[in-house]
Amino acid sequence: MNIAEARQLMHEWTQSESLRVHMEAVAACVGAYARKLAPGDEERWTVCALLHDFDYERHPSQEEHPFVGVRHLESLGMDRESLDAILGHADYSGVPRVSPLSKALYACDELAGFIVACVKVRPSGIADLEPKSVKKKLKDKAFAAAVSREDIDRGIAELGPLAGVDLTSHIQNCIDALRAESARLGL
């Protein structure tokens with residue numbers, strides 16, 4: 001499956017513009033990590049990230065998401081590493097995150113959503129957003145309260161040693177990836 005086909009599938013299953021933007025934002029960040037950790041595999045990593053939540057609108061319960069979507073993607077021939085990464089982005093699935101792709105997807109998922117929330121309250125959008133501003137907002141538990149700070153911490157703990165990043169550089173990498181896609185994402 002290529003990126004255009006993944007977007008088409010995402011749009012078929014997801015009507016919510018904010019959920020589509022979330023998946024696109026995560027895909028931008030994961031694609032950036034693919035360029036560093038898996039050169040030549042950027043499209044596969046991007047497709048995986050684009051589709052990590054594509055079943056959420058139809059199947060939001062922990063009993064169904066991401067399992068329904070993964071079964072559908074498996075029927076379409078998606079590779080096992082990508083399927084496991086999608087399963088692993090949900091801690092409750094019981095699927096361990098062992099591949100670089102699964103670690104990048106997990107580390108980018110909540111943080112990309114959080115950065116998008118930060119951008120939405122800034123008059124200048126993402127243009128001059130810096131990691132220190134994101135870190136300050138992370139300390140405010142009332143801001144974007146649905147975003148799990150624990151998942152962000154766990155994500156950086158898993159990805160950090162592999163990618164050579166700490167929280168600040170991971171935030172910067174995600175800001176840079178989102179900034180590069182800002183016009184398309186409306187940021």
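**Pockets and buried positions in the predicted model**

Helix 6 supplies six residues to the lining of the largest pocket, which is the largest share. The model is a predicted one. The space in this largest pocket amounts to about 660 Å³. Its lining comprises 22 residues, and those closest to the pocket centre are H22, D53, Y56, D109 and E110. Two elements, helix 2 and helix 6 (100–120), each give two or more residues to this lining.

Helix 2 contributes the most, with eight residues. The lining of the second largest pocket divides into eight charged, six nonpolar and three polar residues.

Helix 2 spans residues 17–37 and includes E24. E24 is classed as buried because its relative accessibility is 8%, and the cut-off for burial is under 20%. Beyond residues up to four places away in sequence, E24 touches R7, M10, L50, R184 and L185.

Helix 4 (residues 67–75) has V68, G69, V70 and L73 as its buried residues. The cover over these buried residues includes helix 1 (3–13) and helix 5 (80–88). Just after helix 4, G77 adopts a positive phi of about 95°.

Methods:
Residues are numbered from 1 along each chain as its sequence is written. This is a predicted model: local features need pLDDT of at least 70, side-chain atom pairs count only at pLDDT 80 or more; totals for chains, interfaces and linings use all residues. Side-chain values use heavy atoms; hydrogens and water are left out. Helices (H or I, at least four residues) and strands (E, at least two) are DSSP runs, numbered from the N terminus. Buried means under 20% relative accessible area, exposed over 50%, partly exposed in between (1.4 Å probe, protein chains only). Contact means heavy atoms within 4.5 Å. On a 1 Å grid over the protein atoms alone, a cavity is a set of points where a 1.4 Å probe fits but cannot get out, and a pocket is an open set with protein on both sides within 12 Å along at least five of seven lines; lining residues have an atom within 4 Å of a point. Grid points are joined across faces, edges and corners, and a volume is the space filled by probe spheres set on the points. Ala, Val, Leu, Ile, Met, Phe, Trp, Tyr, Cys and Pro count as nonpolar, Asp, Glu, Lys and Arg as charged, and the others, Gly among them, as polar.
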